[in-house]
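Trainee: I'd like a close look at just one part of this model. Please pick a piece, show me where it sits, and then tell me what is going on around it.

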Amino acid sequence: MIKAIKLLAICVLATSCSTGNHADFEKNTATAKKYFELHQAENPDEMFELLHNDVEWHMPVYGSEMADLNEFKKAILGYQKAFDNMNFTADYWLPGVDPETGQLDGSTRTYGTWTADHVETGKSVKLTAYHAFSFVDGKISGGGDWFDFGGMMNSLVVETVSSGETE
């Protein structure tokens, strides 16, 4: 009987010590989802309110440096000008971890697919992507976009039939 009680106590302690997701994961994931909703609606003003002033963002462009707030805003506005009917469908959302400790830190990340129509060419894109978000004071403070930006842009090149050249 004493062994059973000790075993039960160990199980209860192990369960109560397990933290599950970070306390801010759900709230931060909701913020990231709102960010995507506002991007799809092409509402940059409200979208920018979700960004921390000291944001550092990994851009998906080969050779690019980390973007600061102004560079990040410029990229967002560029996407919104170049594409209509933007839609992100998440496959799932996962909790993120501190890269130094490996402990849950309230960050969030997602894998999914973007679809959109390119304004200039009328061509549609379908692009798988990975996005990560870190937070400070409830605002997006860092993260990045990982997808085949070059491949997407190459798919939008308009071919000229008469000359056989591309624009």
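Mentor: Let's start with the overall layout. The chain has five helices and five strands, where helices (H or I, at least four residues) and strands (E, at least two) are DSSP runs numbered from the N terminus. Going along the sequence, they come in the pattern α-α-α-β-α-β-β-β-β-α. Before we zoom in, keep in mind that this is a predicted model, where local features need pLDDT of at least 70 and side-chain atom pairs count only at pLDDT 80 or more, while totals for chains, interfaces and linings use all residues. Residues are numbered from 1 along each chain as its sequence is written, and side-chain values use heavy atoms, with hydrogens and water left out.

The piece I'd pick is helix α4, residues 69–82. With 14 residues, α4 reaches 20 Å from its first C-alpha to its last, close to the 20 Å expected at 1.5 Å a residue (the expected span is 1.5 Å times one less than the number of residues).

Now look at its two faces. The buried residues of α4 are Leu 69, Phe 72, Ala 75, Ile 76, Tyr 79 and Gln 80; buried means under 20% relative accessible area, exposed over 50%, and partly exposed in between, using a 1.4 Å probe and protein chains only. An α-helix has 3.6 residues a turn, so residues three or four places apart point the same way. On the face turned away from the buried side you'll find the exposed residues Asn 70, Lys 74 and Lys 81.

What covers that buried side? The cover includes α2, α3 (44–48), β1, β2 and α5 (149–155), with contact meaning heavy atoms within 4.5 Å.

The sheet beside it deserves a look too. It's an open sheet of five strands in the order β1-β5-β4-β3-β2, with mixed pairing; two strands pair if DSSP finds at least two bridges between them. Its edge strands are β1 (51–58) and β2 (83–97), each pairing on one side only, and the twist averages 25° from one strand to the next. β1 pairs with β5 (residues 139–146) in the parallel sense over four bridges, and Trp 57 has Gly 143 as its bridge partner in β5. Helix α4 packs on this sheet, touching β1, β2 and β3, and its direction makes about 70° with that of β1. For that angle, axes are lines fitted to C-alpha atoms, for helices over the stretch in contact, and angles run from 0 to 180 degrees between N-to-C directions.

One of the covering helices, α2 (residues 25–40), lies across β1, β2, β3 (104–118), β4 (124–136) and β5, running at about 170° to β2.

Asn 85 counts as exposed, at 57% relative accessibility.

Stepping back, buried residues make up 33% of the 167 residues in the chain.
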